[in-house]
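Subject: Structure handover

Hello,

Here is the structure that I am handing over. My notes on it follow below.

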Amino acid sequence: MDARTPFGQSYYPPIPTPFTKRMRTNLLWQLLRFVVINVKILRMVRKH
Amino acid sequence: MSRLVVLGAGIAGQTAALHARRKLGRDHEVVVVSPNSRWNWIPSNIWVGVGVMRPEQVTFPLQPVYEKTGITFVQAKAVSVHPEGRSGSPGPYVTVEQTEQGRAGETEMVPYDYLINATGPKLNFGATKGLGPSANSLSVCTYDHAAHASKALDEAVERMRKGEKQTLLVGTGHGNCTCQGAAFEYIFNVEFELRRRGVREKARIVWLSNEHELGDFGMGGMFIRRGGYVTHSRVFTESLFTERGIEWVTRAHVQEVAPGEVSFETLDGEERSLKFDFGMLLPPFSGVGLKAYDAAGGDITSRLFAANGFMLVDGDYAKKPYEEWSPDDWPKTYQSPAYPNVFAVGIAFAPPHAISKPMTSPKGTPIFPTPPRTGMPSGVMAREVAFNVVDMMTGKEKAPTRKASLAHMGAACIASAGASPLRGTAVSMTVFPIIPDFKAYPDTGRELRYTSGEIGLAGHWIKHLLHFGFIYKAKANPLWVAIPE
Ligand SMILES: Cc1cc2nc3c(=O)[nH]c(=O)nc-3n(C[C@H](O)[C@H](O)[C@H](O)COP(=O)(O)OP(=O)(O)OC[C@H]3O[C@@H](n4cnc5c(N)ncnc54)[C@H](O)[C@@H]3O)c2cc1C
């Protein structure tokens, strides 16, 4: 697919910066996110 | 002594049967009727479909679990419900057709005092000409289908290794499909695998779906807080597709799948076609086609079931325009209004209407997703219904007291975007409530504190944990009750 071809469907969406991409698999950050997401899910479960 | 019969041993049926068995004394009987001898953790079929798991890793045999817990297992498929019994018979019963080897096709009457219908969906490939693994497209809805899809993917990869360009098409095979989340996971896992196998540049990957926009997922999408804005899931999803170089076609109703070519109509009335080398298109769902008869043998199917085959429960099924839909339309106790000892949970109950706004093409073709019913709500409603049935069976209550409306329930969904312990990712989504409530939350329909989405390796770890956790729970291993639905 043409990246960033004017008026094409891939022209408009935001794309992640290299830093954002790195953080997605950064072990320390993801360990923290693991805890945060689990807490979020458990809070949701407790709501019922 | 009374007898609870649970039809179906999927996520909802297994949850209901295990909780009911745990709560009921041995003077009561719990019977499970299900055609398949194995339990399947369906969410991991995605990984079977790309070859990172084998069918044995996502299934286990049911009989040992039922022996251990004291549940009677009838390996059969229910064909009809007789809620009034038959003149001369002692009470209500279900007619079942054996599926066990050696007894296949034999019919039997299974009497019940209480009935929980958790038969899930019929995979309605027949709704679209040429759709499905026995015709011209692949599926990942069952572990067999997924194993077949994995083989086809290997063959496509082989062709790419030889230098051929391939078009891989993934999405929904009909204008009224649901479960877009599963197709979303599959396309991202396919893309991840192609990169891992070093052939990504040889592949054109296309998403084809009945959603109005990407990120709808059959629930009108969701709004989340992101970078100082409240953003629709469309933005997030388009970004994920663009980043991976995946093209998308939305608002599409597939009319026919021919070998290597799909024809579809779009919401603006255009008729188009697309050639493909590998095509995984989900089927629309309907009820499994149970019939119902009164004591005199008269057909009362329409009293128990909606036209789409799903069971009518305590929802508001009056036809009304989108503007008049209310969270209150959604069922709370899943009790049949016609027979108070009959319930339906999981995918088997009839939703009162869609969640995404219904849309119709100029030719009158409905093109919009039907409501998704994912694992977590299926489990929660099954547990609450089991508790209500136990209370009624033991004489503690005369009517259901616990409620589990999707309008007051949240859901968490972890959508895999690639399986690898250090490089994999998954989108972790939470929504509350599942049914948007624009009165309580005027701008977004949902509570922003509990509605979120992010992608990362942590999501993949959670998805893996859920795989092992839910298989452990469904096996009723020690402390299974501590694992939430
Ligand atoms: C590929 C895929 C991926 C998914 N991924 C996710 C995910 O990541 N997260 C999530 O939350 N949800 C996911 N889902 C949705 C999830 O699988 C469903 O919400 C869930 O399985 C619904 O549970 P159920 O018990 O209602 O139906 P099912 O799990 O389908 O169970 C139905 C049961 O009824 C049995 N049955 C069928 N006909 C009869 C009959 N006539 N008589 C008796 N028994 C019968 C079946 O054999 C089966 O045992 C996914 C779905 C698919 C298809």
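Domain bounds here come from an automatic or database domain assignment. With those bounds, domain 1 (3-121 + 287-407) and domain 2 (126-212 + 250-284) of chain B each give at least three residues to the shell around the ligand.

This is a predicted model, in which local features need pLDDT of at least 70 and side-chain atom pairs pLDDT 80 or more, while totals for chains, interfaces and linings use all residues. Residues are numbered from 1 along each chain as its sequence is written, chains are lettered from A and ligands numbered from 1 in the order in which they are written, and side-chain values use heavy atoms, without hydrogens and water.

The ligand has 31 residues around it, and B:Ala12, B:Ile347, B:Arg373, B:Gly375 and B:Lys463 come nearest (near: a heavy atom within 4 Å). By class, 18 are nonpolar, nine polar and four charged (nonpolar: Ala, Val, Leu, Ile, Met, Phe, Trp, Tyr, Cys and Pro; charged: Asp, Glu, Lys and Arg; polar: the others, Gly among them).

A backbone N or O atom of B:Ala12 is 2.8 Å from an oxygen atom of the ligand, and one of B:Ala78 is 2.8 Å from a ligand nitrogen atom (polar contact: N or O atoms within 3.5 Å). The protein buries 88% of the 990 Å² that the ligand exposes when taken alone (Shrake-Rupley method, 1.4 Å probe).

Elsewhere, a cis peptide bond with omega of about -10° joins B:Phe432 and B:Pro433. A:Phe7, not a glycine, has a positive phi of about 70°.

Regards

Note on methods: A polar contact is a pair of N or O atoms within 3.5 Å; within protein, one must be able to donate a hydrogen and the other to accept it, and residues adjacent in sequence count only if both atoms are side-chain atoms.
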